Amino acid sequence: MGACVRIRHVLAGEGLGAEIEVKGWVRTSRVGKGVAFLAVNDGSCFASLQVVAEQGMASYDAVCAIGTGAAVAVRGRLAESPASGQRYELHATAVEIVGPADEEYPLQKKRHTFEYLRTIAHLRPRSNTFGAVFRLRSSLAQAVHRFFAERGFLWVHTPIITTNDCEGAGEMFRVTTLDPSRPPLVGGQVDFSADFFGAQAGLTVSGQLEGELFAQAFTDIYTFGPTFRAENSNTPRHAAEFWMIEPEMAFADLMADAALAEEFFRYLCRHVLENCREDLEFFNGQIDTGLIARIEAVADTSFAMMEYGEAIERLKKASVSFEFPVSWGLDLQTEHERYLTEQVVGGPVFVVNYPKEIKAFYMRQNDDGKTVAAMDLLVPKVGEIIGGSQREERYDFLEARMRETGIAPESLWWYLDTRRWGSTPHAGFGLGFERLIMYLTGMENIRDVIPFPRTPRHAEF
RNA sequence: UCCCCGUUAGCUCAGUCGGUAGAGCAGGUGGCUGUUAACCACCUUGUCCGUGGUUCGAGUCCGCGACGGGGAGCCA
């Protein structure tokens, strides 16, 4: 008897002709006269292994009664399959039912809606679609780390709990150990100085500010971790808990930032094309026809670049009518972004140098006095997927901008300090990991690319 | 948070003009078969989301509520 082999290797023909053992979960069973077929999946790949059990085997009657969802351990000889549909199959000599499953198992061998599967998130990873999603998610996360590691970027674990209440990037979840029914009061207000951290604390909405501090020591760094927003957003693109990737480079300007974003995005496209092919074929066939062609196009083209001002002019000349107005000084809506990338450019495009009024306080002011060194990467079908900027490294400019936008400089004294000593031109960008997964799988709801999604009124499992 | 749409069998859905509910799949029984979401025959399964109203009569029309989805805003 050989050691237990993962089905991915079995289906590659490893152990052909030999006695092997596999362990996994039964996807379907078909019982005939004198012969039974089990499709067994262990999550190591999309395809299941066909197990053939013949009458005369010790536990044949029990095998015939195995229901969808049962866990089994199968010993047998791996052989080439005489029938079409699979190249190899396992001729069982012994089948052990490790964990049975009865007819109430909710995952039937038929199509379910994603809405229903969300209500059984504890079981949905055993389905075809979610198996593919979470294999790709894992592989992509490792590719993100590999990309940065190959280029000498330091991975910094920025804090999840923070007392920065002025990052300006959305509502924060509060972190407290105070008794909610009897908080200590001072002048009618909650006295957070008596709280665990001695100040109002919350879950991070971005690791960027801390990332910048580390870039001023390690040159090139990135963050990759969970991020939280307490916004009451009920859309297919928003979650209360999601993962974000934020590289930051010292001694770098906006063009270096865009160059990194392009290299990074194309690297990840190539990664899934080369390493997640079987799952990608499934998405291309069942979820989003045209997916592979779109990813291949992005992986092969170099990205265009356009000034914000030019983008506005192109939109004004557009023959199509937009729902939202187009005017210099207004932010671009998704419909505008998609027009630019799909109709004007016909591929990925960076839009750079936005009006300072519509961008964050930390972005570097350009010499024209009107714009900041911001960039958004727009891609077909979704619009913006990466947003970044060169940061304001000049102390006086940064402090003035903070005051203009209502942020107390003393509350971010440590951030300003990096501009006092050894300040450098630096730049970075942010990418929502789930939005990347959605782009690379064709899945249209963020709740279906997160194992156990957190959204308003939902934190089950 | 706002605007639309939806909620019917375990699952996916149909249900006409207001007259007490059907199909496929799943499950059960039998048959057949190296099968591929197997197939064939028969059988079982309902708080029609909740609540109030209109009506002789409501799954169907109206009000309110809950939940889900899509769009918008916010953004990643």
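Visitor: Which classes of residue line the second largest pocket?

Guide: Rolling a probe the size of a water molecule over the atoms shows where empty space is left. In this predicted model, the lining of the second largest pocket has twelve nonpolar, ten polar and five charged residues.

Visitor: How much space lies in the second largest pocket, and which residues are the closest to its centre?

Guide: The second largest pocket holds about 630 Å³ of space. It is lined by 27 residues, and Lys110, Arg111, Ser127, Asn128 and Thr129 are the closest to its centre.

Visitor: Now the sheets, please. In what order do the strands of the eight-strand sheet run?

Guide: Strands of a sheet pair through backbone hydrogen bonds, either parallel or antiparallel. Here the eight strands follow the order S6-S12-S13-S18-S17-S16-S15-S14, in an open sheet with mixed pairing. Strand S6 (154-155) and strand S14 (304-307) are at the edges; each has a single partner strand, so one side of each is left without a neighbour in the sheet.

Visitor: How many bridges join S16 and S17?

Guide: Strand S16 (residues 371-379) pairs with S17 over six bridges, in the antiparallel sense. To find one of the partners, go to alanine 374: its bridge partner in S17 is serine 389.

Visitor: What is the order of the open sheet of three strands?

Guide: That sheet has the order S7-S11-S8, and its pairing is antiparallel. S7 and strand S8 (174-175) are the edge strands, each pairing on one side only. Between S8 and strand S11 (residues 201-203) there are two bridges, again in the antiparallel sense. Within this pair, arginine 174 has glycine 202 in S11 as its bridge partner.

Visitor: And helices? Which residues of helix H5 are buried?

Guide: An α-helix has 3.6 residues a turn, so residues three or four places apart point the same way. In helix H5 (residues 208-218), the buried residues are Gln208, Leu209, Glu210, Gly211, Glu212 and Ala215.

Visitor: What covers the buried residues of H5?

Guide: The cover includes strand S7 (161-162), strand S12 (220-228), strand S13 (241-250), strand S17 (383-391), helix H12 (413-417) and strand S18 (426-432). After H5 comes threonine 219, whose phi is positive, near 70 degrees.

Visitor: Stepping back, how many helices and strands does chain A have?

Guide: Chain A has 13 helices and 18 strands. Its C-alpha atoms fill a box of roughly 85 × 60 × 45 Å along the principal axes. Of the 461 residues in chain A, 50% are buried. Among contacts between residues at least 6 apart in sequence, 67% join residues at least 24 apart.

Notes
Residues numbered from 1 in each chain as written. Chains lettered and ligands numbered in written order. Predicted model: local features only at pLDDT ≥ 70, side-chain atom pairs only at ≥ 80, totals over all residues. Heavy atoms only, no water. 1 Å grid on protein atoms, 1.4 Å probe; cavity = no way out; pocket = protein on both sides within 12 Å on 5 of 7 lines; lining within 4 Å. Points joined across faces, edges and corners; volume = space filled by probe spheres on them. Nonpolar A, V, L, I, M, F, W, Y, C, P; charged D, E, K, R; others polar. Buried < 20%, exposed > 50% of the residue type's maximum accessible area, 1.4 Å probe, protein only. Helix = DSSP H or I, 4+ residues; strand = E, 2+ residues; numbered from the N terminus. Contact = heavy atoms within 4.5 Å. Pairing = 2+ DSSP bridges.
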